[in-house]
Amino acid sequence: MFPLNDNGMVSGLLCGVLFGYVLENAGFGSPVKLSAQFKLTDWAVFKVMFTAIVVAAVGLWLMRLGGLLKPDSIAVPQAALMAAAVGGALVGAGFAVGGYCPGTSVAGLFSGRLDALVFVVGVVLGTIGFAAFYGAALKSLKAAWLIAEGDTFTDAYAIPEPVMLGILGFALIAVFYFGSWFERRGTGTVTAQQALEGAR
Amino acid sequence: MSTSDKQTNPEIRPFWPPLVAGIALGLVLLLTFVLSGHGLGASGAATDLVAGVGLQVAPEATKANGYLGPMVADGSPLGSWLSWEIVGVAIGALAAAFMAGRFRVQLDGSCSVGTSKRLITTLAGGFLSGFGARIAGGCTSSMGLSGAAALGVSAFVFLALFFATGLIVSRLVKGI
């Protein structure tokens, strides 16, 4: 029965190599490609993310249905909604200003981008800054708007899992439909050639 | 306007179509859940690095810190699953870039906004991202992607604010 709960070196390296391989092939080592999402000219970031979310969520659901995956065995982030909102806003701002998020900056660095190295340094400094300022204010921020009933939509709001998957599927179609519409209106998506030429 | 009317270099392989990349990423994420019991991450590796190096360089201050102290109580987190995963991300991205002729050493964005400004925007972006990820308890990978696949409520709050703020800030600041 899964999960194996294998948190060793080989498990980490294997998942990481595959993750990095897909990120770079998606074009997510390029800050030009990534930041084009917020300029609404290239929707690859949301298309890829939503597709992956639906594939993994449906896969987990099917494995649970088939008795291959133990119920409630998968880690779900705590439903601390204030922290998620403030943190999400800051990561979004960092993405718009710097052109990366923490994971994609590693893909950027290892496809040769020195600005990504500086971004990684920034992430480390931001982490040190958080630890230095960690006190009553940040603790209360992390404890605000906490849903006591549970962390998933099913536990917190009693929405059945198939309904959530249906909503996600609908959102996926919407992202592709409206994203492609924006892409046709704009200057076109960022090709590998353009990404290599860098932002001009 | 597409690739057809631009000069194309046959050495450079195109990116995967978003649907293909998304399905591949979803399968990698599913494998990660099945193997480890949790999803993919990134910013947590920076936390492990800070805590682990802190324990070496300034052990007293690190142990006394309210955030890092509990993390180093059972020893250094430098060999954590997430640390190895990030080493893997580096190897995987390097392999993909080389195999597709897309590896190029450059300071991306120095032509568009100037080298000194680009250094400032990418450093500031990284700082905001690192600080924000610690508030949320994860970044785009762990909170956004993995949390949403696990149908976590906070993941969708994270993604909504990530998108809204990014949209606004990218109109106010030209970082790249």
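Biologist: Which domains does chain B have, and where do they lie in the chain?

Modeller: The assignment gives domain 1 (1-105) and domain 2 (107-176) in chain B; such bounds come from an automatic or database domain assignment. This is a predicted model, where local features need pLDDT of at least 70 and side-chain atom pairs count only at pLDDT 80 or more, while totals for chains, interfaces and linings use all residues. Residues are numbered from 1 along each chain as its sequence is written, with chains lettered from A and ligands numbered from 1 in the order in which they are written.

Biologist: How many residues does each domain of chain B bring to the contact?

Modeller: Domain 1 of chain B gives nine residues and domain 2 of chain B gives eleven. Two residues are in contact if their C-beta atoms, placed from the backbone, lie within 7 Å. On the domain 1 side, the largest share, four residues, comes from helix 2 (residues 43-57) of chain B. Helices here are DSSP runs (H or I, at least four residues), numbered from the N terminus.

Biologist: Why is T47(B) called buried?

Modeller: A residue is buried if 20 or more other C-beta atoms lie within 10 Å of its own, exposed if 12 or fewer, and partly exposed in between. T47(B) has 25 other C-beta atoms within 10 Å, so it is buried. T47(B) sits in helix 2 of chain B, and, leaving out residues up to four places away in sequence, it touches T127(A) and R134(B).

Biologist: What makes the span of helix 5 (residues 81-99) of chain B agree with expectation?

Modeller: The expected span is 1.5 Å times one less than the number of residues. For the 19 residues of helix 5 of chain B that comes to 27 Å, and the end C-alpha atoms are 27 Å apart, so the two agree. After helix 5 of chain B comes G101(B), with a positive phi near 65°.

Biologist: How do helix 3 (residues 44-65) of chain A and helix 8 (residues 140-149) of chain B cross?

Modeller: Their axes come within 7 Å and cross at roughly 35°; axes are lines fitted to C-alpha atoms, over the stretch in contact for helices, with angles from 0 to 180 degrees between N-to-C directions. Among the residues that meet are M49(A) and L60(A) in helix 3 of chain A, and G144(B) and L145(B) in helix 8 of chain B.

Biologist: Which classes make up that contact?

Modeller: The contact of helix 3 of chain A with helix 8 of chain B has nine nonpolar, one polar and no charged residues. Ala, Val, Leu, Ile, Met, Phe, Trp, Tyr, Cys and Pro count as nonpolar, Asp, Glu, Lys and Arg as charged, and the others, Gly among them, as polar.

Key:
Helix = DSSP H or I, 4+ residues; strand = E, 2+ residues; numbered from the N terminus.
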